[in-house]
There are 2 protein chains.
Amino acid sequence: MKTDCIQLDHGAGGRASHELVARAFLPALTNPILAELNDAAAMTLDGLRLAMTTDSYVVDPIFFPGGDIGSLAVHGTVNDLAMRGARPLYLSVGFILEEGLVLADLERIVQSLAAAAREAGVQVVTADTKVVPRGKADRIFINTSGVGIIPPGVHIAGQNARAGDRVLINGPMGDHGVAVLSKREGLSFQTELESDSAPLNGLVAAMLGASREIHVLRDPTRGGVATSLNEIARQSKVGIRLEESRLPVRPAVTAACEMLGLEPLYVANEGKVLAFVAPEDADSVLAVMGSHPLGREACAIGEVVEDHPGRVVLETEIGGTRIVDMLSGEQLPRIC
Amino acid sequence: MKTDCIQLDHGAGGRASHELVARAFLPALTNPILAELNDAAAMTLDGLRLAMTTDSYVVDPIFFPGGDIGSLAVHGTVNDLAMRGARPLYLSVGFILEEGLVLADLERIVQSLAAAAREAGVQVVTADTKVVPRGKADRIFINTSGVGIIPPGVHIAGQNARAGDRVLINGPMGDHGVAVLSKREGLSFQTELESDSAPLNGLVAAMLGASREIHVLRDPTRGGVATSLNEIARQSKVGIRLEESRLPVRPAVTAACEMLGLEPLYVANEGKVLAFVAPEDADSVLAVMGSHPLGREACAIGEVVEDHPGRVVLETEIGGTRIVDMLSGEQLPRIC
C-alpha cells in the first residue's frame, strides 16, 4: 500500500479520515472554531449565533431508492446545521459537472434539490457551476454549504456529553448505505430498501422544545452509528455503553448487510440523529420524537458512563461485552 | 453538437453558462435573493447584513505561476464577498480528492490555502473531505463558501450602475488566464507571466473609505472583463462605453494572447476589480486605489451611458466602434 497517496478509505469517514484531518488539515488550518470538529461551526457575531457547515456530495449512483444526489445535498447540510441546534436558513450550491452529463438528469437533480430545500424551509441563495472534461469527474458532484441561527440557550456540541446521559436514536440504522450499495451493485431484495434521507431540522426543533438538556446531537452518516459515537466519546472524554438488544435495524437491512458483508453499526444514515439527553428529560424527548413523522421508531440505545473514557462498549445479547471501534478501512466509498 | 448534454462551454462563464443557469437552475431554485445573480447573496438577519457566496475550483494545472488551487480557492471566494462591499469573515472548505493524489501535494495546497486565508483575514471554520476512485476526478477539486458582513450604508450590486458612472479597474487584464494556460500548455515566454490571484477585500475597504458612491463592484474572472461588463450592462439596463486605448494589458500578456489566439478582454483575472463610481468621486477612488499595493496600475477604462442599454461598446484606437459581447464558446476551460 502506498501510504504517501490518498486512498479511498481517507474519504470513508472512519479512522483514516480522522488521521488525514489530523495530519494534513488541522496543523495548517487550525483555529478554535474549526478545532472543535463539530458537524457545524458556531460563531457569535454582533450577538447573533451563526452556524456554518459544508459538505461535498459524490454519491454513486446519483439516483437511488429514496432520493438522489440533489435531495441528499440538501438533507446532509441541513442536518449538519440541525446537529448544532441551529435553525437552517441559507444554502449555497456548487455544481461540478462532467462534460457529457445528460441535461435531463441535471434538471431532475436540480428539481429534487429545490423540492428538498422547500421542504426543509431553506433558501438556496447563491450557486456556482463548473464543467470539467469527460473522464475528469463522474457525472455530477455537488457541494452545499449552509448557514443557520442557533437560538439563545441552545448549547449543543460533541464535547458536551455527560455521564448519565441517555443515548437516543430516531429509528433504525443503515437504510441509506444499504439502499445506495444495493443499487450500485445491482442487487435486488424482496423488500425494497429505501434511503432514510430526510431533513431533521423539524424533528430537532421539536426535541429542543421538549428539553434544553440535550447535550449532543449527531447524524451518523459516513462511518455509521459506531463511528459517530466514538467521535463523541473522544470529544467529551466519556465512555458510552450500548445495548445490542436495543439497536434498531430493519430485518431487510440485516439481511442485506449479511449478504454484503457489512455491519449495520457502520453503515451510513442520512435521516438519523443520535441525541445525548440528560436522564431526567430522556422520556419526554423520546415522546416528542415518537410523535414526529421522522421519529416514530425512536428508542434509547445506551448511556454515557464514567468508565472507559473515549471508548464505546457494546453489551451483547448473550451477555458479553465488546469494544466498538471507529470504522477502519473503506467499507462503503461514495456513499454520500 | 449534442445539445442535450453538458458541454465544456457551459462552464466557461460566458453565454452558454448563462443559458444553462436560465434553463436548468433558475426555474427550479429561484427566489428574490438568488435571482439577483450577484457575486455574493445579501440577506438581512436581525438587522445584520450577511453576504454569502460559493465557488468550486477545478483549475488545471493545480500549481501555476503566482498561485495554486489552494490560494485561488481563498482569493476567489473572498473576492466575491468583497464585490458586495462585505467584510469577509468565515470560509468553509470542501475537498474532493482523487484516489492516488500525492499527499505532499495535498499538504502543500492546504498550507497555501491557510496562508491565503491568514493574509485575507478570514477563518476557515468548517471543512469536509471526500475521496473518489482513480479516474473519477482530477487530483483535487476544492469548494470554498464564504460569509461576510456588509457594513451599514454600503449598497453595491450589479443592478446599481447609473449613466455617468466611471468604470475603473485596478490594473492590467488577463494575467491569471495567460499564466494558467501557458503552464498547462507547457509554453515558456521570455517574461515570466504570473497569475494576479490576490485577495481584494483590503483594496475594496480602502475604496469604500473614499466614497459611498461606488455603485457596482465585480471581479472579472471566467469570461474576463468583457463578460463581466456585459452582465452589469444587462443587470443595470445601461450601456457601457469602453475606450480601447485605455484598456491596460501587459505587453507580455498581449504577446502570449496573440500566440494562444486569445483576446485579453475575455481572459480570466483573479485579482482584478471593476468599479462603477459616480463621476464626482472617480478621481478620489482612483487615488486611493493607486496608493494600495493591489491598485498601483489602476485606471479608468470607460463610462456608463444611456445609449444602447444592455450593450458594451468599444471605441477603437483607430476611431471606430464595435460591440463587445459576452464570451461565447469555450475559450479557457478549467481556468479557476
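This is a predicted model: local features need pLDDT of at least 70, side-chain atom pairs count only at pLDDT 80 or more; totals for chains, interfaces and linings use all residues.
Local features need pLDDT of at least 70 and side-chain atom pairs count only at pLDDT 80 or more, whereas totals for chains, interfaces and linings use all residues. Residues are numbered from 1 along each chain as its sequence is written, chains are lettered from A in the order in which they are written, and side-chain values use heavy atoms, with hydrogens and water left out.

Over all chains, a search of the whole structure gives three aromatic pairs, a pair being rings of Phe, Tyr or Trp (its six-membered ring) with centres within 6.5 Å, counted as stacked with planes under 30 degrees apart, as edge-to-face over 60 and as tilted for the rest. One of them is formed by Phe25(A) and Phe95(B), which are stacked at 4.7 Å centre to centre with 5° between the planes. This pair joins two chains, because Phe25(A) lies in helix α1 (residues 15-29) of chain A and Phe95(B) in strand β5 (residues 87-98) of chain B; helices (H or I, at least four residues) and strands (E, at least two) are DSSP runs numbered from the N terminus. Both Phe25(A) and Phe95(B) are buried, that is, under 20% relative accessible area (1.4 Å probe, protein chains only).

The rings of Phe141(A) and Phe141(B) form a tilted pair, because their centres are 6.4 Å apart and their planes stand at 50°. This pair crosses between chains, from strand β7 (residues 140-149) of chain A to strand β7 (residues 140-149) of chain B. Phe141(A) is buried, with a relative accessible area of 1%.

How values were computed
Buried means under 20% relative accessible area, exposed over 50%, partly exposed in between (1.4 Å probe, protein chains only).
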